[in-house]
Amino acid sequence: MIKLDSLALEMTRFYSGDPARIQHFMKVHAYSALIGRLEGLGEREMLVLECAAYTHDIGIKPAEEKYNSCSGKLQELEGPPVAREMLTQLGFDGELTERVCAMIAHHHTYTGIDTRELQILIEADFIVNLYEGKSSREAIADAIDNIFKTESGIALIRSVFGN
């Protein structure tokens, strides 16, 4: 079994009994991987992106346990230590682990996006969140105008929502 599959299974175990959260990260992974391939990311960038897509919301569970809240800022705060432990136990190297943790720590911060992988993760998460939240056409248009930067992500969100 490849490490990425091990990570997907470990995240499924982490959120065992919570199919909505599992469905969410699986969909974010699928959209992230598609956009990443369409944007021509290299093998290492794709691995970082896909690991981050699976683990981006790992901070929800500890945030809910500690603060009875899963706000975006608390996810960014609580997620990296849990992800670091999981990725290390699964044998991912330190540099990849730290890049993934940095993405988790910024996936609800829409300014200062400094890597293609983070931009793509945010776009994929938006596509899923806009659907899951039954967002208005105006909210979708606003996301396209203010969040989306990649050609592939823009084309994909327009196709998904018919905007």
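Does asparagine 68 count as buried or exposed, and what is its relative accessibility? In this predicted model, asparagine 68 has a relative accessibility of 70% and therefore counts as exposed, the cut-off for that class being over 50%. The residue is found in the loop that joins α4 and α5, and its phi is positive, at about 55 degrees, although asparagine 68 is not a glycine. Most residues other than glycine have a negative phi. A positive phi is also seen at lysine 134, where the angle is about 50 degrees and the residue is again not a glycine. Lysine 134 is placed in the loop between α7 (116-132) and α8 (137-146), and at 74% relative accessibility it counts as exposed.

An α-helix has 3.6 residues a turn, so residues three or four places apart point the same way.

Two packed helices are described by the angle between their axes and the distance between the axes. For α1 and α2, the angle is about 155 degrees and the axes lie 10 Å apart; since angles over 145 degrees count as roughly antiparallel, the two helices are therefore roughly antiparallel to each other. Their crossing is right-handed, and in the contact Leu4, Ala8, Met11 and Thr12 of α1 meet Ile22, Phe25, Met26 and His29 of α2. Sorted by class, this contact of α1 with α2 holds six nonpolar and two polar residues, with no charged residues.

The helices α2 (residues 19-38) and α3 (residues 43-55) have axes that come within 8 Å and cross at roughly 160 degrees, and α2 and α3 are therefore roughly antiparallel to each other. The crossing of α2 and α3 is right-handed. On the side of α2, the contact is made by Phe25, Met26, Val28, His29, Ser32, Ala33, Gly36 and Arg37, while α3 contributes Met46, Leu49, Glu50, Ala53 and Tyr54. By class, the contact of α2 with α3 comprises eight nonpolar, three polar and two charged residues.

Terms used. Residues numbered from 1 in each chain as written. Predicted model: local features only at pLDDT ≥ 70, side-chain atom pairs only at ≥ 80, totals over all residues. Heavy atoms only, no water. Axes fitted to C-alpha atoms, helices over the stretch in contact; angles between N-to-C directions. Helix = DSSP H or I, 4+ residues; strand = E, 2+ residues; numbered from the N terminus. Parallel < 35°, antiparallel > 145°, perpendicular 65-115°, else oblique. Left-handed = near helix turned anticlockwise from the far one by under 90°. Contact = heavy atoms within 4.5 Å. Nonpolar A, V, L, I, M, F, W, Y, C, P; charged D, E, K, R; others polar. Buried < 20%, exposed > 50% of the residue type's maximum accessible area, 1.4 Å probe, protein only.
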